[in-house]
Amino acid sequence: MHEAKQGNRGLLVFEAAMERHVEHGLTLLSDLRRAADQHEFFLLYQPKLRLSDGHCDAAEVLIRWRHPQRGIVPPDRFIPFAEQTGAIKAITLWVLQHALNQLASWQQLGWQLSLNINVSTRDLGQPDFPALVDNALRRAGVAAASLCLEVTESAIMDDPAQALRCLQALNEMGVRLSIDDFGTGYSSLAYLKKLPVQELKIDRSFVSGLDRDEADVTIVRSTIDLAHHMGLAVVAEGIETEAVSQRLRSFGCDQAQGYLYSRPLPAMEFIAWLKQHRF
Ligand code: C2E
Ligand code: CA
Ligand code: CA
Ligand code: CA
């Protein structure tokens, strides 16, 4: 009897928590739908540098959400939810349009830049995604070669056949492709060989310990060798110290991103950073 009561109370507590969760989910969804219309999203740009000489000609685009009540919401807090509910499609389109317009105006000012944009599993699963990207490029007046799309291993392995079709179409358009968070997923090397990608990004979790962890050193060195044998450029993300940067350079890593060089910056500050950095 006692146990049953406990059980019931447990259930009630659980139901109440579920309701809050669902309500929270629903407001989050309607908030997300409103966000794009009300200009609550904004973009940051993190410099991507050539390790050999520090030259920067690219940046990764990272989204933020300025929520009227919750303040700045980082992408890890709403992108997974947006993927579950399908709201990601509208977000990806918004990011593509805004980032490509920004890129067009920088290029018109004479800045030779390209951008890396993150795409999600859902995006790759959409048969018309390549057409949407093509449309966004045309509308902005940007060449396909100045766009690189970052795709995670898990996004590819979710539906490999569909992902491959999508990546092939993007590749034929001249869009560059990058495998993000490399090493954290379960993609087989045999599969990687088939993907029409040009770049591989080593996940931060392997990069940050490079100055002290021998296992990370082994993983990163062999990843760089593997990528180079497959003709891919290698980018290391999450570089925070000079020691890590130097190790990566000695391993032959091509490009670098991280707080050591710059945090993700608003558009104006990114250009200010470039001016200081280049001259
Ligand atoms: P990601 O693509 O792996 O992006 C790298 C994350 O590491 C970014 O977090 C960046 O701010 C952070 N970071 C860069 N350098 C350092 C460093 O030196 N140290 C540390 N500790 N962190 C560093 P952020 O901006 O919070 O983005 C998190 C994730 O959200 C991204 O991971 C990406 O998966 C997703 N995301 C961000 N923007 C978009 C977007 O526009 N669309 C989609 N679909 N996903 C996005
Ligand atoms: Ca990324
Ligand atoms: Ca990453
Ligand atoms: Ca990540």
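A residue is called buried when its relative accessible area is under 20%, exposed when that area is over 50%, and partly exposed in between, with a 1.4 Å probe and only the protein chains taken into account. By this rule, asparagine 118 counts as partly exposed because its relative accessibility is 29%. Glutamate 60, at 5% relative accessibility, counts as buried.

The structure is a predicted model, in which local features need pLDDT of at least 70, side-chain atom pairs count only at pLDDT 80 or more, and totals for chains, interfaces and linings use all residues. Residues are numbered from 1 along each chain as its sequence is written, chains are lettered from A and ligands numbered from 1 in the order in which they are written, and side-chain values use heavy atoms, with hydrogens and water left out.

A donor here is an N, O or S atom within 2.8 Å of the metal, or 3.2 Å for Na, K and Ca; water is not among the atoms, so sites may look incomplete. The calcium ion (ligand 2) is coordinated by Glu60 (OE), Asn118 (OD1), Glu150 (OE) and Asp180 (OD), at 2.1 to 2.3 Å. Along the chain these donors follow the spacing E-x57-N-x31-E-x29-D. Glutamate 60 lies in strand β2 and asparagine 118 in strand β4 (residues 114-118), so this pair ties together parts that are 58 residues apart in sequence. Strands such as these, and helices too, are DSSP runs numbered from the N terminus: a helix is H or I with at least four residues, a strand is E with at least two.

Which residue coordinates both the calcium ion (ligand 2) and the calcium ion (ligand 3)? Aspartate 180 does, and the two ions are 3.9 Å apart. The protein donors of the calcium ion (ligand 3) are Asp180 (OD), Asp181 (OD), Glu237 (OE) and Glu237 (OE), lying 2.2 to 2.6 Å from the ion. Their residues are spaced D-D-x55-E in sequence. Aspartate 180 is in strand β6 (residues 176-182), while glutamate 237 is in the loop between β8 (233-236) and α11 (242-250), so the pair ties together parts that are 57 residues apart in sequence. Aspartate 180 and glutamate 237 are both buried.

Aspartate 181 also belongs to strand β6. At 24% relative accessibility, aspartate 181 counts as partly exposed. Its phi is positive, about 55°, although aspartate 181 is not a glycine. The calcium ion (ligand 4) is 5.8 Å from the calcium ion (ligand 2).

Next comes ligand 1. Where does ligand 1 sit? The space that ligand 1 takes is the largest pocket. On a 1 Å grid over the protein atoms alone, a pocket is an open set of points with protein on both sides within 12 Å along at least five of seven lines, whereas a cavity is a set of points where a 1.4 Å probe fits but cannot get out; lining residues have an atom within 4 Å of a point. A molecule sits in one of these if more than half of its atoms lie within 2 Å of its grid points. Of the 20 residues around ligand 1, those that come nearest are Gln46, Arg64, Arg204, Glu240 and Tyr259, where near means that a heavy atom of the residue lies within 4 Å. β2 (56-67) and β6 each supply at least two residues of the shell around ligand 1, and the largest share, 4 residues, comes from β2.

Ligand 1 also makes polar contacts, which are pairs of N or O atoms within 3.5 Å; within protein, one atom must be able to donate a hydrogen and the other to accept it, and residues adjacent in sequence count only if both atoms are side-chain atoms. A nitrogen atom of ligand 1 is 3.1 Å from a polar backbone atom of isoleucine 63. An oxygen atom of ligand 1 is 3.1 Å from an N or O atom in the side chain of asparagine 118, and an oxygen atom of the ligand is 3.0 Å from such an atom in aspartate 180. The protein covers 85% of the 800 Å² of accessible area that ligand 1 has on its own, as computed by the Shrake-Rupley method with a 1.4 Å probe; for residues, only the protein chains shown count as cover.
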